[in-house]
Amino acid sequence: MTEFKLQGSGGYVIADLTEEQAKKADLGVGKLFLAPIGKLETKKMFKHYCNMCETEFDNPPKIHLEENTNEEVADNLILIERGQYTCEKCNATIGEYRVFKKNDEAGDIGKARPSE
Ligand SMILES: [Zn+2]
């Protein structure tokens, strides 16, 4: 098991990642980020740091579900859930997550956005 430090907008989370998740989190700037991974299970997160409290907590952050949606963000790519990881003490947002689903797993999600 490896502990990764994942940067969010209001702090960071220490979590156990799969190789695939670690690749997604690595945007090539020497840090790992929470946002690109999708939703992490609470049991995979060990600690969180809150910029507001200036404290590292030895617990997973709370997960706050913002909305269940069904929004097509690209051809064959649906945003199904959106939410935040929040501080256990002051409820400040540590980072955000998004969960996507492909309509057709075999389809090409890049089609609608050739520039990406
Ligand atoms: Zn806090």
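Which residue takes a positive phi in the hairpin of β4 and β5? Glutamate 54 does, with a value near 50°, and the hairpin has 4 residues between its strands.

## Basis of the model

This is a predicted model: local features need pLDDT of at least 70, side-chain atom pairs count only at pLDDT 80 or more, and totals for chains, interfaces and linings use all residues. Residues are numbered from 1 along each chain as its sequence is written.

## Overall composition

The protein has 1 helix and 8 strands, where helices (H or I, at least four residues) and strands (E, at least two) are DSSP runs numbered from the N terminus. Their order from the N terminus is β-β-α-β-β-β-β-β-β.

The protein has 116 residues, of which 22% are buried, meaning that 20 or more other C-beta atoms, placed from the backbone, lie within 10 Å of the residue's own. Taking contacts (C-beta atoms, placed from the backbone, within 7 Å) between residues at least 6 apart in sequence, 53% join residues at least 24 apart.

## The open sheet

An open sheet of 5 strands runs in the order β3-β1-β2-β4-β5, with mixed pairing. Because β3 (32-33) and β5 stand at the edges with a single partner strand each, one side of each has no neighbour in the sheet. Strands pair if DSSP finds at least two bridges between them.

## Pairing around β4

Strand β2 (residues 11-16) pairs with β4 (residues 45-50) in the antiparallel sense over 5 bridges. Here alanine 15 stands opposite methionine 45 in β4.

β4 also pairs with β5 (residues 55-57), again antiparallel, over 3 bridges. Tyrosine 49 stands opposite glutamate 56 in β5, and cysteine 50 has threonine 55 in β5 as its bridge partner.

Methods
A residue is buried if 20 or more other C-beta atoms lie within 10 Å of its own, exposed if 12 or fewer, and partly exposed in between; C-beta atoms are placed from the backbone. Two residues are in contact if their C-beta atoms, placed from the backbone, lie within 7 Å.
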